[in-house]
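Look over the structure first, then work through the points.

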Amino acid sequence: MDSAEMPLIEIQQVDKFFGRFQALKQINLEVRKGERIVVCGPSGSGKSTLIRCINRLEAHDSGSIVIDGTELNDKVANIDAVRSEVGMVFQSFNLFPHMTILRNLTIAQRLVRKTPKNEADKVAMHYLERVKIPEQAHKYPIQLSGGQQQRVAIARALCMRPKIMLFDEPTSALDPEMINEVLDVMVDLAREGMTMICVTHEMGFARSVADRVIFMDEGEIVEAAPPAQFFENPENERTRTFLSQILTH
Amino acid sequence: MSFDINLTLESIPRMLGGVGITLQLLVVSGLLGLGLAIILLLMRLSKKPYLDWPAQVYIYVMRGTPILVQIFIIYYGLPQFDWIRSSVFWPILREPMGCAILALSLNTGAYVSEILRGGVLAVDQGLSEAGAALGMSKRHVFIYVKTPIAIRIALPAYSNDVISLQKSTALASTITIADMMGIARNIVAETYAPYEVFVSLAIIYIIFSTGIQKAFGLIEWRLGRYERRNG
(Lines give C-alpha, C1' and ligand atoms only; values in the text may rest on other atoms or scores of the structure.)
Protein backbone atom coordinates (compact mmCIF):
# COMPACT_ATOMS: atom_id res chain seq x y z
CA MET A 1 0.00 0.00 0.00
CA ASP A 2 1.20 3.51 -0.78
CA SER A 3 2.32 5.32 2.37
CA ALA A 4 0.03 8.25 1.48
CA GLU A 5 -2.91 5.88 1.78
CA MET A 6 -1.77 4.28 5.00
CA PRO A 7 -3.97 5.43 7.83
CA LEU A 8 -2.20 7.85 10.17
CA ILE A 9 -4.27 6.56 13.07
CA GLU A 10 -5.31 2.92 13.22
CA ILE A 11 -7.47 1.82 16.12
CA GLN A 12 -8.55 -1.80 16.23
CA GLN A 13 -10.88 -3.53 18.65
CA VAL A 14 -9.96 -1.31 21.55
CA ASP A 15 -11.50 -1.83 24.98
CA LYS A 16 -10.95 0.43 27.95
CA PHE A 17 -12.13 -0.13 31.50
CA PHE A 18 -12.22 2.15 34.51
CA GLY A 19 -12.57 -0.43 37.27
CA ARG A 20 -15.65 -2.38 36.26
CA PHE A 21 -17.01 0.36 34.04
CA GLN A 22 -16.30 -0.21 30.36
CA ALA A 23 -15.58 3.18 28.81
CA LEU A 24 -14.72 1.91 25.32
CA LYS A 25 -16.18 -1.18 23.67
CA GLN A 26 -14.52 -2.70 20.63
CA ILE A 27 -13.62 0.61 19.00
CA ASN A 28 -12.43 0.47 15.40
CA LEU A 29 -11.36 3.69 13.71
CA GLU A 30 -9.00 4.61 10.91
CA VAL A 31 -8.01 8.18 10.22
CA ARG A 32 -6.14 9.12 7.04
CA LYS A 33 -3.64 11.94 6.80
CA GLY A 34 -5.41 15.26 6.51
CA GLU A 35 -8.76 13.90 7.61
CA ARG A 36 -10.89 15.95 9.99
CA ILE A 37 -13.05 13.99 12.38
CA VAL A 38 -15.64 15.38 14.75
CA VAL A 39 -16.67 13.14 17.63
CA CYS A 40 -19.91 13.87 19.47
CA GLY A 41 -22.14 12.04 21.90
CA PRO A 42 -23.69 12.37 25.34
CA SER A 43 -21.46 12.87 28.37
CA GLY A 44 -19.98 9.61 29.57
CA SER A 45 -20.16 8.12 26.09
CA GLY A 46 -16.39 7.60 25.91
CA LYS A 47 -15.49 10.29 23.37
CA SER A 48 -12.89 11.98 25.58
CA THR A 49 -11.51 8.61 26.64
CA LEU A 50 -11.12 7.67 22.99
CA ILE A 51 -8.95 10.65 22.06
CA ARG A 52 -7.04 10.42 25.35
CA CYS A 53 -6.07 6.89 24.35
CA ILE A 54 -4.57 8.24 21.12
CA ASN A 55 -1.74 10.00 22.98
CA ARG A 56 -1.73 7.51 25.84
CA LEU A 57 -3.06 9.83 28.53
CA GLU A 58 -5.17 6.73 29.07
CA ALA A 59 -3.82 3.25 28.42
CA HIS A 60 -6.21 0.99 26.52
CA ASP A 61 -6.78 -2.47 27.96
CA SER A 62 -7.01 -4.52 24.77
CA GLY A 63 -6.90 -4.13 21.02
CA SER A 64 -4.30 -2.05 19.25
CA ILE A 65 -3.64 1.60 18.52
CA VAL A 66 -1.03 2.42 15.89
CA ILE A 67 -0.11 6.06 15.23
CA ASP A 68 1.91 6.72 12.07
CA GLY A 69 3.38 3.22 12.25
CA THR A 70 4.16 3.28 15.97
CA GLU A 71 2.18 0.94 18.19
CA LEU A 72 1.10 2.32 21.56
CA ASN A 73 2.06 -0.06 24.33
CA ASP A 74 4.02 0.08 27.57
CA LYS A 75 7.24 1.04 25.80
CA VAL A 76 8.16 4.54 26.90
CA ALA A 77 10.04 5.15 23.65
CA ASN A 78 6.87 4.45 21.66
CA ILE A 79 4.77 6.68 23.87
CA ASP A 80 7.32 9.49 23.52
CA ALA A 81 7.41 9.02 19.75
CA VAL A 82 3.64 9.23 19.48
CA ARG A 83 3.35 12.21 21.81
CA SER A 84 5.90 14.10 19.77
CA GLU A 85 3.59 13.78 16.75
CA VAL A 86 0.27 14.36 18.48
CA GLY A 87 -0.79 17.71 19.89
CA MET A 88 -3.66 18.08 22.30
CA VAL A 89 -5.95 20.89 23.36
CA PHE A 90 -7.95 20.51 26.57
CA GLN A 91 -11.33 21.78 27.68
CA SER A 92 -9.78 23.69 30.59
CA PHE A 93 -6.80 25.02 28.58
CA ASN A 94 -4.26 23.65 31.10
CA LEU A 95 -1.74 26.41 30.47
CA PHE A 96 1.11 26.41 32.99
CA PRO A 97 -0.07 29.24 35.26
CA HIS A 98 3.36 30.14 36.64
CA MET A 99 4.94 30.66 33.23
CA THR A 100 4.50 33.56 30.83
CA ILE A 101 2.71 32.86 27.57
CA LEU A 102 6.05 32.78 25.75
CA ARG A 103 7.49 30.29 28.24
CA ASN A 104 4.38 28.13 27.94
CA LEU A 105 5.13 27.90 24.23
CA THR A 106 8.87 27.29 24.54
CA ILE A 107 9.26 24.99 27.56
CA ALA A 108 8.51 21.73 25.73
CA GLN A 109 10.47 22.79 22.65
CA ARG A 110 13.49 23.40 24.84
CA LEU A 111 13.17 20.33 27.09
CA VAL A 112 11.89 17.77 24.59
CA ARG A 113 13.27 19.00 21.28
CA LYS A 114 16.38 20.64 22.78
CA THR A 115 15.71 23.68 20.61
CA PRO A 116 17.99 26.65 21.40
CA LYS A 117 16.25 29.51 23.20
CA ASN A 118 16.16 32.10 20.43
CA GLU A 119 14.91 29.59 17.90
CA ALA A 120 12.21 28.35 20.28
CA ASP A 121 11.19 31.96 20.89
CA LYS A 122 10.91 32.51 17.13
CA VAL A 123 8.72 29.46 16.68
CA ALA A 124 6.57 30.58 19.61
CA MET A 125 6.10 34.09 18.22
CA HIS A 126 5.26 32.65 14.81
CA TYR A 127 2.40 30.62 16.24
CA LEU A 128 1.26 33.39 18.56
CA GLU A 129 0.89 35.57 15.48
CA ARG A 130 -1.08 32.83 13.81
CA VAL A 131 -3.56 32.77 16.69
CA LYS A 132 -3.47 36.58 16.59
CA ILE A 133 -2.19 37.40 20.07
CA PRO A 134 1.57 38.07 19.77
CA GLU A 135 1.19 41.12 22.04
CA GLN A 136 0.32 38.85 24.99
CA ALA A 137 3.64 36.99 24.91
CA HIS A 138 4.96 38.33 28.19
CA LYS A 139 1.78 38.10 30.22
CA TYR A 140 0.71 35.29 32.52
CA PRO A 141 -2.23 33.06 31.52
CA ILE A 142 -4.52 34.49 34.21
CA GLN A 143 -4.25 37.90 32.57
CA LEU A 144 -5.83 36.60 29.35
CA SER A 145 -9.47 35.92 28.54
CA GLY A 146 -10.64 32.33 28.21
CA GLY A 147 -10.70 32.54 24.43
CA GLN A 148 -7.19 33.95 24.35
CA GLN A 149 -5.96 31.25 26.73
CA GLN A 150 -7.39 28.53 24.52
CA ARG A 151 -5.73 30.07 21.46
CA VAL A 152 -2.45 30.07 23.37
CA ALA A 153 -3.04 26.40 24.19
CA ILE A 154 -3.51 25.65 20.50
CA ALA A 155 -0.35 27.60 19.64
CA ARG A 156 1.53 25.74 22.37
CA ALA A 157 0.59 22.39 20.83
CA LEU A 158 1.48 23.62 17.31
CA CYS A 159 4.96 24.70 18.46
CA MET A 160 5.84 21.00 18.63
CA ARG A 161 4.94 20.66 14.91
CA PRO A 162 2.48 17.80 15.41
CA LYS A 163 1.09 15.73 12.56
CA ILE A 164 -2.16 15.18 14.41
CA MET A 165 -4.16 17.53 16.62
CA LEU A 166 -6.62 16.30 19.23
CA PHE A 167 -9.23 18.68 20.61
CA ASP A 168 -11.10 17.66 23.76
CA GLU A 169 -14.16 19.92 23.94
CA PRO A 170 -12.05 23.02 23.31
CA THR A 171 -14.94 25.48 23.51
CA SER A 172 -17.03 23.94 26.31
CA ALA A 173 -15.46 26.04 29.07
CA LEU A 174 -15.72 29.31 27.14
CA ASP A 175 -18.20 32.15 27.38
CA PRO A 176 -20.35 32.23 24.23
CA GLU A 177 -18.75 35.36 22.80
CA MET A 178 -15.33 33.70 22.86
CA ILE A 179 -16.24 30.47 21.14
CA ASN A 180 -15.87 31.80 17.61
CA GLU A 181 -12.35 33.15 18.00
CA VAL A 182 -11.25 29.62 18.96
CA LEU A 183 -13.27 27.92 16.24
CA ASP A 184 -11.78 30.32 13.67
CA VAL A 185 -8.29 29.15 14.57
CA MET A 186 -9.43 25.53 14.30
CA VAL A 187 -11.02 26.15 10.89
CA ASP A 188 -7.78 27.74 9.64
CA LEU A 189 -5.88 24.73 10.86
CA ALA A 190 -8.27 22.38 9.09
CA ARG A 191 -7.92 24.34 5.84
CA GLU A 192 -4.17 23.91 5.97
CA GLY A 193 -4.59 20.17 5.98
CA MET A 194 -3.94 19.30 9.63
CA THR A 195 -5.20 15.88 10.65
CA MET A 196 -7.67 16.61 13.41
CA ILE A 197 -9.92 14.77 15.81
CA CYS A 198 -12.25 17.12 17.63
CA VAL A 199 -14.57 16.15 20.43
CA THR A 200 -17.11 18.96 20.29
CA HIS A 201 -20.77 19.78 20.23
CA GLU A 202 -20.25 22.71 17.85
CA MET A 203 -22.38 21.27 15.08
CA GLY A 204 -21.83 24.28 12.80
CA PHE A 205 -18.12 23.54 12.95
CA ALA A 206 -18.79 19.85 12.27
CA ARG A 207 -20.91 20.67 9.21
CA SER A 208 -18.43 23.03 7.63
CA VAL A 209 -15.14 21.36 8.49
CA ALA A 210 -15.51 17.66 9.21
CA ASP A 211 -14.90 14.91 6.70
CA ARG A 212 -16.63 12.50 9.01
CA VAL A 213 -18.80 12.93 12.07
CA ILE A 214 -18.71 10.15 14.63
CA PHE A 215 -21.45 9.62 17.17
CA MET A 216 -20.56 7.67 20.31
CA ASP A 217 -22.86 6.32 22.97
CA GLU A 218 -22.12 4.03 25.91
CA GLY A 219 -18.54 3.41 24.78
CA GLU A 220 -19.40 2.43 21.22
CA ILE A 221 -19.14 4.14 17.87
CA VAL A 222 -22.79 4.14 16.90
CA GLU A 223 -22.55 6.03 13.65
CA ALA A 224 -19.83 7.49 11.43
CA ALA A 225 -20.73 9.40 8.29
CA PRO A 226 -19.89 12.53 6.29
CA PRO A 227 -21.66 15.56 7.80
CA ALA A 228 -24.32 15.89 5.11
CA GLN A 229 -25.45 12.33 5.60
CA PHE A 230 -24.92 12.43 9.37
CA PHE A 231 -27.14 15.43 9.90
CA GLU A 232 -29.76 14.81 7.17
CA ASN A 233 -30.11 11.03 7.23
CA PRO A 234 -28.74 9.50 10.38
CA GLU A 235 -29.21 5.75 10.23
CA ASN A 236 -29.30 4.96 13.91
CA GLU A 237 -32.16 5.74 16.24
CA ARG A 238 -29.82 6.81 19.05
CA THR A 239 -28.12 9.31 16.71
CA ARG A 240 -31.50 10.75 15.75
CA THR A 241 -32.49 11.15 19.39
CA PHE A 242 -29.19 12.82 20.25
CA LEU A 243 -29.37 15.21 17.30
CA SER A 244 -32.93 16.15 18.08
CA GLN A 245 -31.82 16.97 21.63
CA ILE A 246 -28.92 19.23 20.71
CA LEU A 247 -30.35 20.83 17.55
CA THR A 248 -33.71 21.94 18.92
CA HIS A 249 -32.73 25.53 19.61
CA MET B 1 2.24 43.26 93.00
CA SER B 2 4.34 45.69 91.01
CA PHE B 3 6.05 45.42 87.65
CA ASP B 4 9.78 46.13 87.99
CA ILE B 5 10.56 48.03 84.80
CA ASN B 6 14.25 48.29 85.65
CA LEU B 7 14.55 44.53 85.87
CA THR B 8 12.98 44.28 82.43
CA LEU B 9 15.39 46.79 80.97
CA GLU B 10 18.32 44.93 82.50
CA SER B 11 17.26 41.46 81.48
CA ILE B 12 16.37 42.16 77.86
CA PRO B 13 19.98 42.80 76.78
CA ARG B 14 21.09 39.68 78.67
CA MET B 15 18.49 37.53 76.99
CA LEU B 16 19.42 38.99 73.62
CA GLY B 17 22.84 37.50 74.27
CA GLY B 18 21.15 34.19 73.44
CA VAL B 19 19.88 35.37 70.08
CA GLY B 20 22.80 33.77 68.29
CA ILE B 21 22.04 30.36 69.76
CA THR B 22 18.32 30.69 69.10
CA LEU B 23 18.95 31.69 65.49
CA GLN B 24 21.46 28.90 65.05
CA LEU B 25 18.92 26.37 66.33
CA LEU B 26 16.26 27.81 64.03
CA VAL B 27 18.30 28.15 60.85
CA VAL B 28 20.32 24.94 61.07
CA SER B 29 17.37 22.74 62.10
CA GLY B 30 15.14 24.53 59.60
CA LEU B 31 17.49 23.76 56.71
CA LEU B 32 18.29 20.20 57.80
CA GLY B 33 14.58 19.60 58.42
CA LEU B 34 13.72 20.91 54.97
CA GLY B 35 16.29 18.59 53.40
CA LEU B 36 14.87 15.66 55.35
CA ALA B 37 11.34 16.72 54.37
CA ILE B 38 12.23 16.65 50.68
CA ILE B 39 13.71 13.16 51.01
CA LEU B 40 10.60 11.95 52.89
CA LEU B 41 8.38 13.61 50.28
CA LEU B 42 10.12 11.85 47.41
CA MET B 43 9.90 8.55 49.30
CA ARG B 44 6.16 9.04 49.77
CA LEU B 45 5.57 10.11 46.17
CA SER B 46 7.65 7.24 44.76
CA LYS B 47 4.66 4.85 45.04
CA LYS B 48 7.19 2.15 45.93
CA PRO B 49 6.00 0.45 49.14
CA TYR B 50 9.53 -0.12 50.44
CA LEU B 51 10.15 3.64 50.31
CA ASP B 52 6.67 4.92 51.06
CA TRP B 53 6.09 2.77 54.14
CA PRO B 54 9.20 3.68 56.13
CA ALA B 55 8.50 7.35 55.44
CA GLN B 56 4.90 6.98 56.61
CA VAL B 57 5.94 5.20 59.81
CA TYR B 58 8.58 7.83 60.49
CA ILE B 59 6.11 10.70 60.03
CA TYR B 60 3.52 8.88 62.15
CA VAL B 61 5.93 8.47 65.07
CA MET B 62 7.42 11.98 64.91
CA ARG B 63 4.03 13.66 64.70
CA GLY B 64 2.59 11.43 67.40
CA THR B 65 5.10 12.23 70.12
CA PRO B 66 5.91 15.50 71.93
CA ILE B 67 9.02 17.26 70.73
CA LEU B 68 10.22 17.56 74.33
CA VAL B 69 10.12 13.79 74.64
CA GLN B 70 12.11 13.50 71.42
CA ILE B 71 14.74 15.90 72.73
CA PHE B 72 15.04 13.93 75.99
CA ILE B 73 15.27 10.59 74.23
CA ILE B 74 18.12 11.86 72.08
CA TYR B 75 19.95 13.73 74.82
CA TYR B 76 19.48 11.36 77.77
CA GLY B 77 18.65 8.15 75.98
CA LEU B 78 21.14 7.68 73.17
CA PRO B 79 24.35 7.97 75.24
CA GLN B 80 23.33 4.81 77.09
CA PHE B 81 24.32 2.77 74.06
CA ASP B 82 27.99 1.92 73.80
CA TRP B 83 27.86 1.72 70.02
CA ILE B 84 26.60 5.26 69.83
CA ARG B 85 29.35 6.52 72.09
CA SER B 86 31.89 4.82 69.84
CA SER B 87 30.29 5.94 66.58
CA VAL B 88 31.30 8.83 64.34
CA PHE B 89 28.18 10.69 65.45
CA TRP B 90 29.30 10.89 69.07
CA PRO B 91 31.07 14.26 68.74
CA ILE B 92 27.68 15.68 67.71
CA LEU B 93 25.49 13.70 70.09
CA ARG B 94 27.82 14.44 73.00
CA GLU B 95 26.97 18.13 72.70
CA PRO B 96 23.57 19.44 73.87
CA MET B 97 23.52 21.71 70.81
CA GLY B 98 23.98 18.73 68.49
CA CYS B 99 21.18 16.86 70.23
CA ALA B 100 18.82 19.84 70.12
CA ILE B 101 19.46 20.48 66.43
CA LEU B 102 19.05 16.79 65.64
CA ALA B 103 15.74 16.57 67.52
CA LEU B 104 14.33 19.77 66.03
CA SER B 105 15.39 18.75 62.49
CA LEU B 106 13.91 15.27 62.78
CA ASN B 107 10.67 16.72 64.13
CA THR B 108 10.18 19.58 61.68
CA GLY B 109 11.18 17.34 58.76
CA ALA B 110 8.18 15.11 59.42
CA TYR B 111 5.75 18.02 59.47
CA VAL B 112 7.24 19.86 56.52
CA SER B 113 7.23 16.76 54.31
CA GLU B 114 3.47 16.49 54.81
CA ILE B 115 3.06 20.21 54.05
CA LEU B 116 5.01 19.81 50.83
CA ARG B 117 3.08 16.69 49.91
CA GLY B 118 -0.16 18.61 50.30
CA GLY B 119 1.23 21.21 47.91
CA VAL B 120 2.23 18.63 45.31
CA LEU B 121 -1.12 16.83 45.49
CA ALA B 122 -2.98 20.13 45.11
CA VAL B 123 -1.41 20.86 41.72
CA ASP B 124 -4.08 20.50 39.02
CA GLN B 125 -3.79 17.07 37.38
CA GLY B 126 -4.61 18.69 34.03
CA LEU B 127 -1.25 20.47 34.06
CA SER B 128 0.63 17.17 34.28
CA GLU B 129 -1.48 15.87 31.41
CA ALA B 130 -0.70 18.97 29.36
CA GLY B 131 2.99 18.42 30.01
CA ALA B 132 2.73 14.74 29.07
CA ALA B 133 0.79 15.59 25.90
CA LEU B 134 3.63 17.94 24.93
CA GLY B 135 6.05 15.04 25.28
CA MET B 136 7.61 16.14 28.56
CA SER B 137 8.90 13.31 30.77
CA LYS B 138 7.50 12.75 34.26
CA ARG B 139 10.72 14.13 35.64
CA HIS B 140 10.44 17.30 33.60
CA VAL B 141 6.82 17.74 34.59
CA PHE B 142 7.74 17.29 38.24
CA ILE B 143 10.62 19.76 38.15
CA TYR B 144 9.25 22.46 35.87
CA VAL B 145 5.50 22.28 36.39
CA LYS B 146 4.56 20.67 39.68
CA THR B 147 7.35 21.86 41.96
CA PRO B 148 7.07 25.63 41.43
CA ILE B 149 3.29 25.53 41.80
CA ALA B 150 3.47 23.20 44.80
CA ILE B 151 5.92 25.56 46.52
CA ARG B 152 3.53 28.45 46.01
CA ILE B 153 0.64 26.41 47.41
CA ALA B 154 2.63 25.08 50.37
CA LEU B 155 4.28 28.35 51.35
CA PRO B 156 1.68 29.70 53.82
CA ALA B 157 1.59 26.41 55.72
CA TYR B 158 5.37 26.18 55.59
CA SER B 159 5.86 29.64 57.03
CA ASN B 160 3.54 28.58 59.83
CA ASP B 161 5.85 25.65 60.54
CA VAL B 162 8.96 27.84 60.59
CA ILE B 163 7.31 30.13 63.15
CA SER B 164 6.35 27.11 65.19
CA LEU B 165 9.93 25.81 64.94
CA GLN B 166 11.25 29.15 66.13
CA LYS B 167 9.24 28.81 69.30
CA SER B 168 10.15 25.14 69.73
CA THR B 169 13.80 26.17 69.94
CA ALA B 170 12.99 27.38 73.47
CA LEU B 171 12.71 23.71 74.50
CA ALA B 172 16.46 23.37 73.93
CA SER B 173 16.93 25.22 77.22
CA THR B 174 15.79 22.05 79.02
CA ILE B 175 19.03 20.35 78.04
CA THR B 176 21.34 23.08 79.38
CA ILE B 177 21.48 25.22 76.23
CA ALA B 178 21.81 28.95 76.88
CA ASP B 179 19.48 30.22 74.19
CA MET B 180 17.20 33.16 74.98
CA MET B 181 14.92 30.90 77.01
CA GLY B 182 17.85 29.34 78.84
CA ILE B 183 19.20 32.75 79.82
CA ALA B 184 15.73 33.87 80.90
CA ARG B 185 15.46 30.88 83.22
CA ASN B 186 18.84 31.72 84.73
CA ILE B 187 17.74 35.29 85.35
CA VAL B 188 14.56 34.06 86.99
CA ALA B 189 16.59 31.72 89.21
CA GLU B 190 18.68 34.70 90.32
CA THR B 191 15.92 37.29 90.74
CA TYR B 192 12.77 35.30 91.54
CA ALA B 193 10.95 37.61 89.12
CA PRO B 194 9.40 35.28 86.55
CA TYR B 195 6.70 37.74 85.54
CA GLU B 196 8.96 40.56 84.33
CA VAL B 197 11.52 38.28 82.75
CA PHE B 198 9.16 35.99 80.85
CA VAL B 199 6.96 38.85 79.65
CA SER B 200 10.06 40.53 78.26
CA LEU B 201 11.08 37.27 76.63
CA ALA B 202 7.62 36.87 75.11
CA ILE B 203 7.97 40.30 73.55
CA ILE B 204 11.33 39.35 72.03
CA TYR B 205 9.84 36.18 70.54
CA ILE B 206 6.90 38.12 69.11
CA ILE B 207 9.28 40.53 67.39
CA PHE B 208 11.13 37.59 65.88
CA SER B 209 7.93 35.89 64.71
CA THR B 210 6.81 39.13 63.14
CA GLY B 211 10.05 39.34 61.20
CA ILE B 212 9.62 35.76 59.93
CA GLN B 213 6.01 36.42 58.94
CA LYS B 214 6.97 39.58 57.07
CA ALA B 215 9.76 37.78 55.25
CA PHE B 216 7.46 34.97 54.15
CA GLY B 217 4.79 37.49 53.19
CA LEU B 218 7.31 39.06 50.85
CA ILE B 219 8.26 35.71 49.33
CA GLU B 220 4.59 34.82 48.87
CA TRP B 221 4.01 38.12 47.12
CA ARG B 222 6.98 37.54 44.81
CA LEU B 223 6.04 33.94 43.97
CA GLY B 224 2.39 34.84 43.58
CA ARG B 225 2.90 37.26 40.69
CA TYR B 226 1.30 34.85 38.27
CA GLU B 227 -1.87 34.73 40.34
CA ARG B 228 -2.62 38.43 40.01
CA ARG B 229 -4.74 39.56 37.11
CA ASN B 230 -3.23 43.02 36.89
CA GLY B 231 0.49 42.36 37.01
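Which residue just after H10(B) takes a positive phi? B:Tyr192 does, with a phi of about 55 degrees. Keep in mind that this is a predicted model. The points below start with chain B as a whole, then turn to single helices and helix pairs.

**Chain B overall**
- Chain B holds 11 helices and zero strands.
- Read from the N terminus, its elements run α-α-α-α-α-α-α-α-α-α-α.
- The C-alpha trace of chain B spans about 70 × 55 × 25 Å along its principal axes.
- Chain B has 231 residues, and 45% of them count as buried.
- Take the contacts in chain B between residues at least 6 apart in sequence: 77% of these join residues at least 24 apart.

**Helix H10 of chain B**
- H10(B) covers residues 180-191, which is 12 residues.
- From first C-alpha to last, H10(B) reaches 16 Å, close to the 16 Å expected at 1.5 Å a residue.
- Its buried residues are B:Met180, B:Gly182, B:Ile183, B:Ala184, B:Ile187 and B:Val188.
- What covers these buried residues includes three helices of chain B: H1 (5-16), H2 (19-45) and H11 (194-223).

**H10 against H11 in chain B**
- Two packed helices are described by the angle between their axes and the distance between the axes.
- The axes of H10(B) and H11(B) come within 9 Å and cross at roughly 165 degrees.
- That angle makes H10(B) roughly antiparallel to H11(B), because angles over 145 degrees count as roughly antiparallel.
- The crossing of H10(B) and H11(B) is right-handed.
- On the H10(B) side, the contact is made by B:Met180, B:Met181, B:Ala184, B:Arg185, B:Ile187, B:Val188 and B:Thr191.
- On the H11(B) side, the residues are B:Pro194, B:Val197, B:Phe198, B:Leu201, B:Ile204, B:Tyr205 and B:Phe208.
- The residues of this contact divide into 12 nonpolar, one polar and one charged.

**H2 against H7 in chain B**
- H7(B) runs over residues 96-122, and its axis and that of H2(B) come within 5 Å.
- These two axes cross at roughly 45 degrees, which makes H2(B) oblique to H7(B).
- H2(B) passes H7(B) in a right-handed crossing.
- The residues of the contact of H2(B) with H7(B) divide into 20 nonpolar, seven polar and three charged.

- B:Glu114 lies in H7(B).
- Is B:Glu114 buried or exposed? B:Glu114 counts as buried, because its relative accessibility is 17% and the cut-off for buried is under 20%.
- Leaving aside neighbours within four places in sequence, B:Glu114 is in contact with B:Arg44, B:Ile59 and B:Arg63.

**H3 against H4 in chain A**
- H3(A) covers residues 101-112 and H4(A) covers residues 117-130.
- Their axes come within 9 Å and cross at roughly 125 degrees, which makes H3(A) oblique to H4(A).
- The crossing of H3(A) and H4(A) is right-handed.
- H3(A) makes the contact through A:Ile101, A:Leu102, A:Leu105, A:Thr106, A:Gln109 and A:Arg110.
- H4(A) brings A:Lys117, A:Ala120, A:Asp121, A:Val123, A:Ala124, A:Met125 and A:Leu128 to the contact.
- The residues of the contact of H3(A) with H4(A) divide into eight nonpolar, two polar and three charged.

How values were computed. Residues numbered from 1 in each chain as written. Chains lettered and ligands numbered in written order. Predicted model: local features only at pLDDT ≥ 70, side-chain atom pairs only at ≥ 80, totals over all residues. Heavy atoms only, no water. Helix = DSSP H or I, 4+ residues; strand = E, 2+ residues; numbered from the N terminus. Expected span 1.5 Å × (residues − 1). Buried < 20%, exposed > 50% of the residue type's maximum accessible area, 1.4 Å probe, protein only. Contact = heavy atoms within 4.5 Å. Axes fitted to C-alpha atoms, helices over the stretch in contact; angles between N-to-C directions. Parallel < 35°, antiparallel > 145°, perpendicular 65-115°, else oblique. Left-handed = near helix turned anticlockwise from the far one by under 90°. Nonpolar A, V, L, I, M, F, W, Y, C, P; charged D, E, K, R; others polar.
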